[in-house]
Amino acid sequence: MGVVTDPVLLVIVVATALAFDFTNGFHDTGNAMAASIATRAMTPKKAVLLSATLNMVGAFLSLAVAATIAKGIVDSGVVTLPVLLGGLVGGIVWNLVTWLFGLPSSSSHALVGGVVGAVLAAAGASGVLWAGLIAKVLLPALIGPLVAMFVSSMGTRLVVRSTKGVPQRSIDRNFRWGQIGSASLVSLAHGTNDAQKSMGIILLALIAGGAVPEDSTVPLWVIFSCALAMALGTYTGGWRVIRTLGKGLVELESRQGLSADASTATVILLSSHFGFPLSTTHVATGSVLGSGVGKKGASVRWHIAGRMFVAWLVTVPAAGLVGAACYGLNQISGPYVVFGLLLVVAGGIVAWSRRKPVNHKNVNDAWKAGGGAESAIAESLIDHDPSLMVLPKKKKKRKKEKKPKHKKQKKNRKKHAKHSGDDVDRAEATAGEVNSVGIR
Amino acid sequence: MSEYVEWGSLLEVLVFGLLIGAGLPTLFALGVRALAGPGSRDDDGHRSPVRVAVAMACFAVVIGAIVTAIVIIGRGGH
């Protein structure tokens, strides 16, 4: 010990861990802030600033870092620097891909998946503790959302009942404060939990690389850089995920927003307190769904929720595949190539995302059609903004096809558009969406 | 199945989750109702002191819970 065995590999692993930390903050902003942004409790910019600050504070709040990763899921004896690198790259790539599609998915599950894949490549099936993988990752991914959904739907139902007869204006004014409070708690807990994960990884890497003794505590620069990377990621705002979570699943109103946020904060804190490993992302998504289930007349877009559930089940194998491939590549050609490839892939995904950018300006736009004129009206009612009711006029060439009034007409037009060789995009645009940004 | 899921801690999360996660928002809602609900103001537009006190009590419990949560996060006991 005391002699750094492979400085290049160590530096690359640390850099990759910080990059993962960044995508973690970036990907999970929505867990805390999506509801507040969707209900306009805060402007998008203020929300991500608050979340980033609290993530930073949270990272310093508790420093009981354990230098373990995927404990009880893989044999800790086989976690070497190349395995860590493979795992981290797997996690980052999966985070970026799900972000591109606007799917909230657990960053920690992505990391675990990447590490499991790398371990499989390095040590074979015996390196993975399969029972632990099922008990700590796969089953909680199914149970977490259900628990949160149940709590949040009960909360929403009770809250809506308790506020019967209260003017909407007073409701919104007061509940926004409640939302800011509960969303802040989620951000704080996220900072403590997830920034520490990255600190743990870096510490583990430093120990494995021989840069610090085995009983070392986390060096100060690690704490600072992890907190900063996560806060920067959060501030950058994974707007695509925020949009899906806040606008895609349920049209949230301030009471639902508060119930969802309170449920997320409570379930997350309780699950760690009682030692039941639930992912923040799954809980936050379940809470938003629950707030739709709990309010009469609110509709839930289950097909989008279904797509998320699939993504959660695919997370571990998909990240694992990347992790294993990166481990193999590292053995063949060295860490430079892996890191370079990661940069290329990340750049490619970001470039791809520019084709249909989602940012703080359009994050709250009406969810893409499906409901057509009806959803445009619903949107304008929710936001008390009559201008939203005006249907878009751009992208239309044929005059008689303006302003659809009935679903039937819309359907016919879609058919017609397809027949006449128009692309589906235009058919959807005419169907009354204000902005066609969104995921397909 | 039971070897994979700790039903005990799951049940605890569920029960306390309902009590706190659904209870606190409801309390908050009751506070709002006391302040701004039907009949909260008399003809002159004044609120009765009882209603204000009830609302403040509700909000105080909620704020207390948030502070407790921050302390728990800070102690790393989560």
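I count two residues as in contact when heavy atoms lie within 4.5 Å. The model I am working from is a predicted one.

**Entry: the interface of chain A and chain B**

I started with who touches whom. Chain A brings 44 residues to the contact, and chain B brings 33 residues. I then looked up the area. The two chains bury about 3,300 Å² between them, and 80% of that is on carbon and sulfur atoms. On the chain A side, I noted three names: Ser162(A), Phe274(A) and Phe276(A). They supply 17% of the area that chain A buries against chain B, more than any other three residues.

The rule finds zero salt bridges between chain A and chain B. Polar contacts do turn up: two residue pairs, both at pLDDT 80 or more.

Which helices of chain A supply at least two residues each of the side that touches chain B? I listed helix 5 (130-162), helix 6 (168-208) and helix 9 (254-273). Helix 5 of chain A gives the largest share, with 14 residues. I also sorted the chain A side by residue class. It holds 25 nonpolar, 17 polar and two charged residues.

**Entry: chain A overall**

I stepped back to the whole chain. Chain A has 15 helices and zero strands. Of its 440 residues, 60% are buried. Its accessible surface comes to about 17,600 Å², and carbon and sulfur atoms account for 65% of it. Taking contacts in chain A between residues at least 6 apart in sequence, 84% join residues at least 24 apart.

I placed His282(A) in helix 10 (residues 280-293) of chain A. Is His282(A) buried or exposed? Its relative accessibility is 1%, so I logged His282(A) as buried. Beyond its neighbours within four places in sequence, His282(A) is in contact with Ser106(A), His109(A), Ala141(A), Pro145(A) and Trp312(A).

Then I went to Pro82(A). Pro82(A) sits in helix 3 (residues 81-100) of chain A. Its relative accessible area is 16%, so Pro82(A) is buried; the cut-off for buried is under 20%. Leaving out residues up to four places away in sequence, I found Pro82(A) touching Leu9(A), Tyr327(A), Asn330(A) and Gln331(A). I also took a distance to Phe276(A), one of the three interface names above.

Tyr336(A) was my next stop. I found Tyr336(A) in helix 12 (residues 335-353) of chain A. Tyr336(A) counts as exposed, because its relative accessibility is 60% and exposed means over 50%. Not counting residues up to four places away in sequence, Tyr336(A) touches Val8(A) and Ile12(A). From Tyr336(A) to Asp365(A), 29 residues along the chain, the C-alpha separation is 42 Å.

**Entry: salt bridges**

Side chains of opposite charge can pair when their charged atoms come close. I counted five salt bridges over all chains. I went through three of the pairs.

Asp194(A) and Lys197(A) meet at 3.3 Å, N to O. They are three residues apart in helix 6 of chain A, so about one helical turn separates them. I checked cover on each partner. Asp194(A) is buried at 5% relative accessibility, whereas Lys197(A) is partly exposed at 33%.

Glu251(A) pairs with Lys247(A), and their closest N and O atoms are 3.7 Å apart. Glu251(A) is buried, with a relative accessible area of 18%. Lys247(A) is buried as well, at 3%.

Lys295(A) pairs with Glu253(A), with closest N and O atoms 3.8 Å apart. What does this pair tie together? Lys295(A) lies in the loop between helix 10 and helix 11 (302-333) of chain A, and Glu253(A) lies in the loop between helix 8 (239-248) and helix 9, so the pair ties together parts that are 42 residues apart in sequence. Lys295(A) counts as partly exposed at 21% relative accessibility. Glu253(A) is buried at 10%.

My last note is on shared partners. Salt bridges join Lys247(A), Glu251(A) and Arg301(A) into one network.

Note on methods
Residues numbered from 1 in each chain as written. Chains lettered and ligands numbered in written order. Predicted model: local features only at pLDDT ≥ 70, side-chain atom pairs only at ≥ 80, totals over all residues. Heavy atoms only, no water. Buried area = accessible area lost by both parts, 1.4 Å probe. Salt bridge = Lys/Arg side-chain N within 4 Å of Asp/Glu carboxyl O. Polar contact = N/O pair within 3.5 Å; in protein donor to acceptor, adjacent residues only side chain to side chain. Helix = DSSP H or I, 4+ residues; strand = E, 2+ residues; numbered from the N terminus. Nonpolar A, V, L, I, M, F, W, Y, C, P; charged D, E, K, R; others polar. Buried < 20%, exposed > 50% of the residue type's maximum accessible area, 1.4 Å probe, protein only. Areas by Shrake-Rupley, 256 points an atom, 1.4 Å probe, with all protein chains shown as cover.
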